[in-house]
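Here is a short note to read beside the model. Keep the sequence and the 3D view open as you go through the points.

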Amino acid sequence: MKKKKKPGLFPFSAEFRKQGSITYNSQPVDLWISRKTGELGFSIRDKAVQDPDLYTEILSYLQSANHDS
């Protein structure tokens, strides 16, 4: 018997793989990368970040954290 995936278990399609998580503004943010395109995606509480401004803010946060280390 095949197990059915729970709806909403993954905020992105199957081509995306979870690559880790960070804390942004006291919220856990999961990082997702597409195996096909290399596209980066973020999710908060299992919901994909769709607001372009929030997406840009999280991306800037990651880039600044990378430069600080």
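1. Among contacts in the chain between residues at least 6 apart in sequence, what percentage join residues at least 24 apart? The share is 24%. Contact means heavy atoms within 4.5 Å.

2. A word on the source. This is a predicted model, where local features need pLDDT of at least 70, side-chain atom pairs count only at pLDDT 80 or more, and totals for chains, interfaces and linings use all residues. Residues are numbered from 1 along each chain as its sequence is written, and side-chain values use heavy atoms, with hydrogens and water left out.

3. The chain holds 4 strands and 1 helix. Their order along the sequence is β-β-β-β-α. Both kinds of element are DSSP runs, numbered from the N terminus: helices (H or I) have at least four residues, strands (E) at least two.

4. Of the 69 residues in the chain, 23% are buried. Buried means under 20% relative accessible area, with a 1.4 Å probe and protein chains only.

5. Now the core. The largest nonpolar core has 8 residues: Ile22, Tyr24, Val29, Leu31, Phe42, Ile44, Val49 and Ile58. A nonpolar core is a set of buried Ala, Val, Leu, Ile, Met, Phe, Trp, Tyr and Cys residues joined through side-chain atoms within 4.5 Å.

6. Look at Tyr24. Beyond its neighbours within four places in sequence, Tyr24 contacts Val29, Leu54, Glu57, Ile58 and Tyr61.

7. Finally, find Ser34 in strand E2 (residues 27-34). Ser34 is buried, at 3% relative accessible area. Not counting residues up to four places away in sequence, Ser34 touches Glu15, Phe16 and Glu39.

Note on methods. Buried means under 20% relative accessible area, exposed over 50%, partly exposed in between (1.4 Å probe, protein chains only).
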